[in-house]
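Open the model in your viewer and keep the sequence panel beside it. This tour tells you what to select, stop by stop.

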Amino acid sequence: MTPTTPLPREFAFLADLAGEPTLEQAKALTRTHQDVAPLRSWLAEQRRRTVRALLTSKAADRAALAETMGVTKRTVTVVSCAKPQEVELPDRFAPLAHLAGEPTLELAGEVTCTALAARPLQAWLRDERQRTVRALLDGPYDRTEIGAAIGVSVQRVSDIAAGHRGPWARAQGGS
């Protein structure tokens, strides 16, 4: 089985996760998948911070921001008025730290593109994890060994291999 979802270019630095199926790879895919929710929160905060700074300094107006970000002016307003959050960038995503830089129109567009690519990243990680777990099950490992290695139940190993999403993902409407 090959992944049906391509790795978004914004996350090309994660391409090493698509290697030969091993227990270490399964662990890395699981940890990275778990870090996507904090990443999305961090990206939302960087987007809010950038938009608010540009609007406050009058370096850009809502129309220019909306055009650069590919969103409506109303979305620009909603983003700028969001409540600030204290969120740290997960270590695995350190190559994205430049998105916390000096607010510019270009940065607003880049943060938005990266934030929009987070959902396809989740799908890619899910596909890779499924591929890896299925290969491990077809090889020398059983569900118990894989579950212990990646920190999930035996049933969840079966669910991953079958492509089922966890209850938290279904409840969020995410991947």
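Among contacts in the protein between residues at least 6 apart in sequence, what percentage join residues at least 24 apart? The figure is 75%. Contact here means heavy atoms within 4.5 Å.

Before you click further, note that this is a predicted model, in which local features need pLDDT of at least 70, side-chain atom pairs count only at pLDDT 80 or more, and totals for chains, interfaces and linings use all residues. Residues are numbered from 1 along each chain as its sequence is written, and side-chain values use heavy atoms, with hydrogens and water left out.

**Stop 1: the whole chain**

Show the cartoon. The protein has seven helices and zero strands. Both kinds of element are DSSP runs, numbered from the N terminus: helices are H or I with at least four residues, strands are E with at least two. Read along the sequence, the pattern is α-α-α-α-α-α-α.

Now switch to the C-alpha trace. Along its principal axes it spans about 60 × 30 × 25 Å.

The protein exposes about 9,300 Å², an accessible area from the Shrake-Rupley method with a 1.4 Å probe; for residues, only the protein chains shown count as cover. Of the 175 residues, 41% count as buried. Buried means under 20% relative accessible area, exposed means over 50%, and partly exposed lies in between (1.4 Å probe, protein chains only).

**Stop 2: helix H1**

Select residues 23-56, which form helix H1. How far apart are its end C-alpha atoms? They are 49 Å apart, which agrees with the 50 Å that 34 residues should span at 1.5 Å a residue. The expected span is 1.5 Å times one less than the number of residues.

Look along the helix at Val36. A kink of about 35° lies there, shortly before the proline Pro38. The bend at a residue is the angle between axes fitted to the seven residues ending there and the seven starting there.

Move on to Glu45 and Arg48. Their side chains meet in a salt bridge (2.7 Å, N to O). A salt bridge is a side-chain nitrogen of Lys or Arg within 4 Å of a carboxyl oxygen of Asp or Glu. The two residues are separated by about one helical turn because they are three residues apart in H1. Glu45 is buried, and so is Arg48.

Just after H1, click Lys58. Its phi is positive, about 60°.

**Stop 3: the largest nonpolar core**

Select Phe11, Leu17, Leu39, Phe93, Leu99, Leu121 and Leu125. Of the 19 residues in the largest nonpolar core, these touch the most other members. Helix H1 and helix H4 (105-138) each supply at least two residues of this core. A nonpolar core is a set of buried Ala, Val, Leu, Ile, Met, Phe, Trp, Tyr and Cys residues joined through side-chain atoms within 4.5 Å.

Center on Leu125. Leaving aside neighbours within four places in sequence, Leu125 is in contact with Leu17, Leu29, Thr32, His33 and Val36.

**Stop 4: helix H4**

Pick Thr114, which lies in H4. Is Thr114 buried or exposed? Thr114 is buried, with a relative accessible area of 2%. Not counting residues up to four places away in sequence, Thr114 touches Glu10, Phe11, Leu43, Leu96 and Leu99.

Glu128 is buried at 2% relative accessibility. Arg131 is also buried, at 16%.

**Stop 5: Arg9 and Glu10**

The structure holds five salt bridges. Another of them joins Arg9 to Glu10, the closest N and O atoms being 3.7 Å apart. Arg9 counts as exposed, at 67% relative accessibility. Glu10 is buried, at 18%.

**Stop 6: Arg92 in its loop**

Go to the loop between helix H3 (73-81) and H4, where Arg92 sits. Arg92 is partly exposed, with a relative accessible area of 28%. Which residues does Arg92 contact, leaving aside neighbours within four places in sequence? They are Phe13, Leu14, Asp16, Leu17, Thr32 and Asp35. Arg92 and Asp35 are 57 residues apart in sequence and 7.8 Å apart in space, C-alpha to C-alpha.

**Stop 7: helix H6**

Finish at residues 154-162, helix H6. Arg156, Val157, Ser158, Asp159, Ile160 and Ala161 are buried there. Gly163 follows H6, with a positive phi near 85°.
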